[in-house]
Amino acid sequence: MIGRRGFIGLAGASVLAGRAGRAGAEEGQGFVQPLPVPPLLDVRDHGGRLELVARHGSHRFAPGMAPVETMGYSADYLGPLVRVHRGEPYRVTATNRLDVPTTVHWHGLLVPSHLDGGPHHFIAPGSSWEAEMVVDQPEATVIYHAHPHGDTARQVYRGLAGMMIVEDGTGAALGLPHRYGIDDLPVVLQDRYFNVAGGMTYLDNGPARAIGMRGNTLVVNGAVRPLARVPAGPVRLRLLNGANARTFDVGFEDGRTFHVIASDGGYLAAPVPMQRVLLSPGERFEIVADFADGRPAVLTTGRDPAGDVIGMGGPRGMPGEPSLPGPLLGIEVAADIALDPAARLPAALVAPVPLDPATAVERRKVSLDMIPNHDGMRGMGPMMAINGRVYDMHRIDFTPRLGSTEIWRLTGNRIPHPFHIHGAMFRILSIDGAPPPPHLAGDKDTVLVARPTDILLHFSQPTDRHFPFVFHCHLLEHEQHGMMAQYLTV
Ligand code: C2O
Ligand code: CU
Ligand code: CU
């Protein structure tokens, strides 16, 4: 699917790589392959068991492309759509069939730290991790992904990520579209770099560390420019940014309005009408779009605003284009897909649980730092740190009190950084002194910090000192190189 012009650009110097990406996007608006819909793995249908096997694979991103080496969970690339139910225990068996250690982290699940699968929780090659889980949090779309310290970015890039849904019946009761694969679609947004030899490049050089690994091709659920066939009515798209580094600016090509119904931690108070929504790595937004008019549509992304900070084409030695815009997903309204007569967009969703900033017992500053090395952005690139300190697995940075709330002021330098925290949800109190827009007013675990952002966190999960919870930049190359810190609740 990378056209001839794309290959010429890719074959040339990396300064041409940006052009290659754009050529790829220009080349025909054809959406030929169907949107891959991962198999649904509802733990209820499996006797309360969730078995995932991290393994190597080989995957073709488009019909005309050569298969490339990938990784996946019980799949060649990405993993099944896992559905768990609030309050219903399930048993996880995560098996590592890779040749390197891995972990399985539940990004957005509120579970005690020994179940979090974070950077300390290695599963050795050939072995399994068994864990008894029970989730007690509102209905939400979360992510599971590899998080082994030192290798997270590469493993996620190769494909070790998937979507998970926590259900408690709220969406169905509200009448929201909920027929998986029909009017309720997972949409995992990524970018990948395909090289002239037909392989999928992962780079860990200075420039890739500085701005993260960026691609020359946009990918949805592991497919280049796929096509979704939908009924002529309301359709729910669970948007998940699964890219290592880039932010997506998602909307429809025709500018139609859609409604954001949920963010990272679950439903908003009411649907928020929008034409474009920004998703930084690790963020989720569920939207409902209406296709009752029968017109086809194209989901697209604009530029990554961080790309504009960096400048066009990226630093030398960096493949791809830092902010590649273009079409993501074609949508065709299909008369043969029956409408769910009950599916609708309700006027109100879920009233937020009150969380009062006056209850905060501590205020902290968290600065997401890129500290220039003596050779600036060249060589190994800048040093990645939080509050001036590079991540240390053996240092506890904060010790919030279990059950308490705190206010953190998030800041960052050089480029916007997607802040993410394990084991806690937060509410955005203000961005640059102003209240957040309504789609950012719900429970969150990830927020793009482009300006000083005050958040109110609730620490609900106990920790085991062997497995501290981390918080980090979700630009995965930043995380991997030290823009991370950790806490224990006490
Ligand atoms: Cu999405 Cu620390 O992870
Ligand atoms: Cu996480
Ligand atoms: Cu960062």
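Author: Let us begin with leucine 279, which has a relative accessible area of 0% and therefore counts as buried. The model is a predicted one. Leucine 279 belongs to strand 17, which covers residues 276-279. Setting aside residues up to four places away in sequence, leucine 279 touches Leu239, Leu240, Asn241, Arg246, Thr247, Phe248, Val250, Arg284 and Phe285. Aspartate 249 is 30 residues away from leucine 279 along the chain, yet the C-alpha atoms of the two are separated by 6.5 Å.

The setting of this residue is a protein of 490 residues, 60% of which are buried. Its secondary structure consists of 7 helices and 29 strands. Of the contacts with a separation of 6 or more, 78% are between residues 24 or more positions apart. The accessible surface of the protein comes to about 17,500 Å², and carbon and sulfur atoms account for 56% of this area.

A word on confidence is in order. The mean pLDDT of the protein is 91, and 90% of the residues reach 70 or more. Over residues 1-28, however, pLDDT stays under 50; for this stretch the model has 48 contacts beyond four places in sequence.

We may now turn to the metal sites. His105 and His420 coordinate the copper ion (ligand 2), each through its NE2 atom, at 1.9 Å. Histidine 105 lies in strand 6 (residues 105-107) and histidine 420 in strand 24 (residues 417-421), so the pair ties together parts that are 315 residues apart in sequence. Both histidine 105 and histidine 420 are buried.

Histidine 145 has a relative accessibility of 3%, and because buried means under 20%, histidine 145 counts as buried.

Cysteine 473 and histidine 478 are both buried.

Strand 28 (residues 469-473) pairs with strand 29 in the antiparallel sense, over 4 bridges. Histidine 472 has methionine 484, in strand 29, as its bridge partner. In a regular strand, side chains alternate between the two faces of the sheet. Strand 29 (residues 484-487) has Met484 and Gln486 pointing one way and Ala485 and Tyr487 the other way, and all of them are buried.

Four strands form it in the order 3-2-5-7, with mixed pairing. Strand 3 (68-73) and strand 7 (128-133) stand at the edges with a single partner strand each, so one side of each is left without a neighbour in the sheet. On average, neighbouring strands of this sheet are turned by 15° against each other, direction ignored. Strand 5 (residues 90-96) and strand 7 run antiparallel and are joined by 6 bridges. Tyrosine 90 stands opposite methionine 133 of strand 7.

Definitions and conventions. Residues are numbered from 1 along each chain as its sequence is written. Chains are lettered from A and ligands numbered from 1 in the order in which they are written. This is a predicted model: local features need pLDDT of at least 70, side-chain atom pairs count only at pLDDT 80 or more; totals for chains, interfaces and linings use all residues. Side-chain values use heavy atoms; hydrogens and water are left out. Donors are N, O and S atoms within 2.8 Å of the metal (3.2 Å for Na, K and Ca); water is not among the atoms, so sites may look incomplete. Helices (H or I, at least four residues) and strands (E, at least two) are DSSP runs, numbered from the N terminus. Buried means under 20% relative accessible area, exposed over 50%, partly exposed in between (1.4 Å probe, protein chains only). Two strands pair if DSSP finds at least two bridges between them. Axes are lines fitted to C-alpha atoms, for helices over the stretch in contact, and angles run from 0 to 180 degrees between N-to-C directions. pLDDT is the predictor's confidence in each residue, from 0 to 100. Contact means heavy atoms within 4.5 Å. Accessible areas come from the Shrake-Rupley method with a 1.4 Å probe; for residues, only the protein chains shown count as cover.
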